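Trainee: I am new to this structure and would like a close look at one part of it. Please start with a single helix, and then take me slowly through the sheet.

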Amino acid sequence: MTSEPRQSLQDRVAIVSGGGNGIGAAIASALAARGARIVVNDIDPARARRQAEEIGERAIAAPGDASSSADVSGVVAKAIEEFGTVDILVNNAGMDQAVSILDLEEEDWDRLIAVNLKSAFLFSKAVLPGMIERGHGRIICTSSVVAHRGAMNGGIHYGTTKGGMLGFARTLARQMARTGVTVNAIAPGVVDTDLIRTHMPDEVRARVIEDIPLGRLAEPGEIGHAVAFLASDEAAYITGATLDVNGGFWIG
Ligand SMILES: NC(=O)c1ccc[n+]([C@@H]2O[C@H](COP(=O)([O-])OP(=O)(O)OC[C@H]3O[C@@H](n4cnc5c(N)ncnc54)[C@H](O)[C@@H]3O)[C@@H](O)[C@H]2O)c1
C-alpha cells in the first residue's frame with residue numbers, strides 16, 4: 001500500500017497579513033495547497049472571510065488592522081487558540097498611494113508607513129517568542145521591485161516602505177540566525193491586482209509591460225509559489241535574502 005507523499009507545509013500554521021485579496025490571497029492559497037493551515041488576516045473582514053471560505057476548513061479569518069498592536073495581538077492569539085502555534089508569518093499587508101511628494105500630506109505619510117512597515121514589526125514581534133521556543137520559524141516580508149528601481153507610479157512613502165522591508169528582513173535575519181527562524185524578503189515586480197488596477201493609469205501600465213523583459217505582468221499565484229518555497233523546510237539555508245519575482249524588470 002502506498003501512502004500519500006508528505007506535503008511540504010503539512011502541519012505548519014501560517015498567518016498572512018492582508019491575505020484577503022490580491023497577492024496575499026494567492027499566498028494563502030499557495031501555502032494551503034501545500035498542507036498548511038492558514039490564518040487570513042485583513043483589515044476588511046469580508047475579504048478575510050471570503051478568502052478563508054475559499055480555502056476551506058483548514059483556514060480561519062482573523063480580521064484586524066495589521067498596524068495596530070492590539071489587533072495584531074488578537075490575530076496571533078486567535079491563531080494559537082485555533083491551531084496551537086504559528087510557524088510561518090507572511091508580512092504582506094500593504095497599501096499604495098500614487099501622489100507626488102509635493103502633494104503628500106503628513107498624515108498620509110504616517111498612515112502608509114504604519115500599514116506597510118510597522119505591521120511587519122508588530123506581527124514579527126508577536127510570533128517570534130513561540131518560534132524561538134520551538135527552534136523553527138519562517139518570516140517572509142513583502143517588498144517590491146520598487147525597492148530597487150524606485151516607485152514608477154506609487155508615492156515616495158510607498159517606495160520608502162518597500163526599501164525598508166529589505167532592511168527589516170536582513171536585520172531580523174541576523175538577529176534570529178541562531179534560533180532556527182529564517183527571515184527573507186520577496187520582491188514582486190508588477191502584479192495584476194486591485195492595487196495596480198486602482199493606482200496605475202492604462203498608459204503607464206502599457207509602458208511598464210513594454211519594459212518588462214517577459215512582456216507581461218505577474219499573476220498573483222506566481223508570487224504565492226515563491227513564498228511557499230521560502231516557507232518550506234527546503235529553504236532552511238536561505239536567510240536574509242531577497243527573492244526577486246519580476247519577469248526581469250530589475251536584474252541586479
Ligand atoms: N501589486 C503589485 O504589483 C505589487 C508589487 C510588489 C509588491 N506588492 C506588495 O504586495 C502586497 C499586497 O499587494 P496587492 O497588490 O495584493 O494589494 P491589494 O490591495 O490587492 O491587497 C492588499 C490587501 O491588504 C489589505 N490591507 C490593507 N491595509 C491593511 C491593514 N492595515 N491591515 C490588514 N490588511 C490590510 C487590504 O484590505 C487588501 O485586502 C503589498 O504589500 C504590496 O505593496 C504589490
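Mentor: Helix α4, residues 106–134, is 29 residues in length, and from its first C-alpha to its last it reaches 41 Å, close to the 42 Å expected at 1.5 Å a residue (1.5 Å times one less than the number of residues). Helices here are DSSP runs of H or I with at least four residues, strands are runs of E with at least two, and both are numbered from the N terminus. This is a predicted model, in which local features need pLDDT of at least 70 and side-chain atom pairs count only at pLDDT 80 or more, while totals for chains, interfaces and linings use all residues. Residues are numbered from 1 along each chain as its sequence is written.

Helix α4 has a kink of about 40 degrees, centred on Lys 118 (the angle between axes fitted to the seven residues ending there and the seven starting there). Gly 135 follows α4, and the phi of this glycine is positive, near 70 degrees.

Turning to the sheet, seven strands form an open arrangement with parallel pairing, in the order β3-β2-β1-β4-β5-β6-β7, where two strands pair if DSSP finds at least two bridges between them. At its edges lie β3 (59–61) and β7 (242–245), each of which pairs on one side only. From one strand to the next, the twist averages 20 degrees (axes are lines fitted to C-alpha atoms, for helices over the stretch in contact, and angles run from 0 to 180 degrees between N-to-C directions).

Strand β6, residues 181–188, runs parallel to β7 and is joined to β7 by four bridges; Ala 185 has Thr 242 of β7 as its bridge partner. Helix α2, residues 45–55, packs on the sheet, where α2 touches β2 (37–40) and β3 and makes about 170 degrees with the direction of β3 (contact means C-beta atoms, placed from the backbone, within 7 Å). Helix α6, residues 156–176, lies across β5 (137–142), β6 and β7, and runs at about 165 degrees to β6.

Note on methods. Two residues are in contact if their C-beta atoms, placed from the backbone, lie within 7 Å.
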